[in-house]
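Work through the exercises below with the sequence and the structure at hand. Each task is followed by a solution in steps.

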Amino acid sequence: MSVVSVVAGLCALDVSCADQAAVERALTQSAGVRRWLDGVDVALAARLVKLAETSPSLFPEQTAATATRTGVRDGTKLVGRATTVAAVPELGAVLGTGEVSGAHIDAVTAALAGLEPAQRAVLAACGAELAVLAAGSTPDQFRRTVTSRGPPDRSR
C-alpha cells in the first residue's frame, strides 16, 4: 500500500465513529507513515551534508533545525542519523521503507559514538543483522539489545 493511499485513508477516517479495531488500524498506519517520514528526513539531511562539502558556509545541523522549526539539538540528531545510515546502509534501507523509526537509528548512533574506530567498523559490518533486529523490535528493545551486546566479536 502506498503512503499516499494510507494518508488518504487516515484523512477519510471519521474518528468519532471509529471502533477499537479501526482506531488500532489507523494508529498502526499513522506510525508507519511517521517512520517513513523519518526516512525522508534522514535522506534530506544526508543531502545537506553532501551539499556542505562544497559549500563551507552551509551548516547542515542549523539548516535542518531552521527548516523543521526545531532546535540545533534536533538538527544535530537528524544529521547524526544520516551519518549512521551512511555507515550502516542496511539500516537506511529499512528506515526508508518505514520498517523502523529514527529512534532505532538513534540507538545505533549512540552505540557507534561510544566505540573506538575499529569497533565501529565491526559494528557497522553487522548491518544486515542490525536491520533485522531493529525491524522486529521497539526502539527501546533495540536500544537495550545493541547496548547489551557491545561490539560484535568477529574473531570466532
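**Exercise 1.** Determine the handedness of the crossing of α3 and α4, and describe their contact.

Solution. 
- Step 1. In this predicted model, α3 and α4 cross in a right-handed way.
- Step 2. Their axes are 7 Å apart, and the packing angle is about 115 degrees.
- Step 3. On the α3 side, Pro-60, Glu-61, Gln-62, Ala-64 and Ala-65 take part; they meet Val-72, Gly-75, Thr-76, Leu-78 and Val-79 of α4.
- Step 4. Sorted by class, this contact of α3 with α4 has 6 nonpolar, 3 polar and 1 charged residues.

**Exercise 2.** Find the loop in which Arg-69 lies, and decide whether Arg-69 is buried or exposed.

Solution. 
- Step 1. The loop with Arg-69 runs between α3 (60-68) and α4 (72-87).
- Step 2. The relative accessible area of Arg-69 is 80%. Exposed means over 50%, so Arg-69 is exposed.
- Step 3. The backbone of Arg-69 has a phi near 55 degrees, which is a positive value in a residue other than glycine.

**Exercise 3.** Which residues line the largest pocket, and which element gives the most to the lining?

Solution. 
- Step 1. The space in the largest pocket is about 180 Å³.
- Step 2. Its lining consists of Asp-38, Asp-41, Ala-64, Ala-65, Thr-68, Thr-70, Asp-74, Gly-75, Lys-77, Leu-78 and Arg-81.
- Step 3. Two or more lining residues come from each of α2 (20-54), α3 and α4.
- Step 4. With 5 residues, α4 gives the most to this lining.
- Step 5. The classes in the lining are 3 nonpolar, 3 polar and 5 charged residues.

**Exercise 4.** Locate Ser-137 and state whether Ser-137 is buried or exposed.

Solution. 
- Step 1. Ser-137 sits in the loop between α8 (127-135) and α9 (139-149).
- Step 2. Its relative accessible area is 18%, so Ser-137 is buried.
- Step 3. Not counting residues up to four places away in sequence, Ser-137 touches His-104 and Phe-142.

Note on methods
Residues are numbered from 1 along each chain as its sequence is written. This is a predicted model: local features need pLDDT of at least 70, side-chain atom pairs count only at pLDDT 80 or more; totals for chains, interfaces and linings use all residues. Side-chain values use heavy atoms; hydrogens and water are left out. Helices (H or I, at least four residues) and strands (E, at least two) are DSSP runs, numbered from the N terminus. Buried means under 20% relative accessible area, exposed over 50%, partly exposed in between (1.4 Å probe, protein chains only). Contact means heavy atoms within 4.5 Å. Axes are lines fitted to C-alpha atoms, for helices over the stretch in contact, and angles run from 0 to 180 degrees between N-to-C directions. A crossing is left-handed if the near helix is turned anticlockwise from the far one by less than a right angle, and right-handed if clockwise. Ala, Val, Leu, Ile, Met, Phe, Trp, Tyr, Cys and Pro count as nonpolar, Asp, Glu, Lys and Arg as charged, and the others, Gly among them, as polar. On a 1 Å grid over the protein atoms alone, a cavity is a set of points where a 1.4 Å probe fits but cannot get out, and a pocket is an open set with protein on both sides within 12 Å along at least five of seven lines; lining residues have an atom within 4 Å of a point. Grid points are joined across faces, edges and corners, and a volume is the space filled by probe spheres set on the points.
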